[in-house]
Amino acid sequence: MVLSDKTIKEYLKNDKILIDPIDYKDIQPASVDLHIDKGILIFKNSSEPFIDLRKELPNLTESVEIKAGEPFMLHPGEFVLASTIERIKLGADVVGRLEGKSSLGRVGLLIHSTAGYVDPGWDGQLTLELTNVAKLPITLYYGMRIGQISFLDLSSKAENPYGSEKLSSRYQGQKDPTASKIHIDFDDQIKHTDE
């Protein structure tokens, strides 16, 4: 069941959900508005001919910063990583769903490709996967509302919430936009093969 504004406020008070910073004006009927932070990871022209998911590619992205009051131009077809200003922390029996704002969707801005699910136990800033599907550049400003998060109760507490020792929770505690760590899956496969 999706949590209402009333329940979200209760969960914030009893620490089942933490949003830091929180402005209670951002609480909508069944979600909370989130804002874009200043850090952006852009994909630069690389010496790599393709993205090999088995390899860590530290030179694939470059960090830039949105300056206060100045726009960052997201060009048509461009894909960048950003993050929320807010740190989100969820209890072991709550999940989150990250969604775009309809006003931004109506100009062609998508805020996630596939990473809209926030596991129970998550703690950190959320990385946004921003894509411009419009035919004109879109301006992004530090601190603007970029998306919203809704919450759902689990049927019971997760036995192994995100960040547990039994899981390879590679993004727990992340700050700033974080590039993919998919190569770790292949590193783990090699370790298990060698054992």
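View 1. The model is predicted: local features need pLDDT of at least 70 and side-chain atom pairs count only at pLDDT 80 or more, while totals for chains, interfaces and linings use all residues. Residues are numbered from 1 along each chain as its sequence is written, and side-chain values use heavy atoms, with hydrogens and water left out. A pocket is an open set of points on a 1 Å grid over the protein atoms alone, where a 1.4 Å probe fits and protein lies on both sides within 12 Å along at least five of seven lines; lining residues have an atom within 4 Å of a point. Of the 32 lining residues, Y171, T178, A179, S180 and K181 are the closest to the centre of the pocket. Strand β10 (123-132) gives the most to the lining, with 3 residues. Strands (E, at least two residues) and helices (H or I, at least four) are DSSP runs, numbered from the N terminus.

**View 2. The largest nonpolar core holds 36 residues.** Such a core is a set of buried Ala, Val, Leu, Ile, Met, Phe, Trp, Tyr and Cys residues joined through side-chain atoms within 4.5 Å. Buried means under 20% relative accessible area, exposed over 50%, and partly exposed in between (1.4 Å probe, protein chains only). I17, I36, L130, L140, I146 and F151 have the most contacts inside the core. Strand β6 (residues 79-90) contributes the largest share, 4 residues. Not counting residues up to four places away in sequence, L130 touches I36, L140 and I146, among others; contact means heavy atoms within 4.5 Å.

**View 3. Helix α1 (residues 5-13) has T7, I8, Y11 and L12 buried.** These residues lie on the same side of α1 because they cover an arc of only 140 degrees around the axis, the arc being that of the directions from the helix axis to the C-beta atoms. An α-helix has 3.6 residues a turn, so residues three or four places apart point the same way. On the other side of α1, K6 and K13 are exposed. The cover over the buried residues of α1 includes β1 (17-20), β2 (32-35), β7 (94-100) and β12 (145-153).

**View 4. P71 is in the loop between β4 (61-65) and β5 (72-74).** P71 counts as partly exposed because its relative accessibility is 41%. P71 and L140 are 69 residues apart in sequence and 5.4 Å apart in space, C-alpha to C-alpha. Leaving aside neighbours within four places in sequence, P71 is in contact with T139, L140 and Y141.

View 5. Most residues other than glycine have a negative phi, and most peptide bonds are trans.
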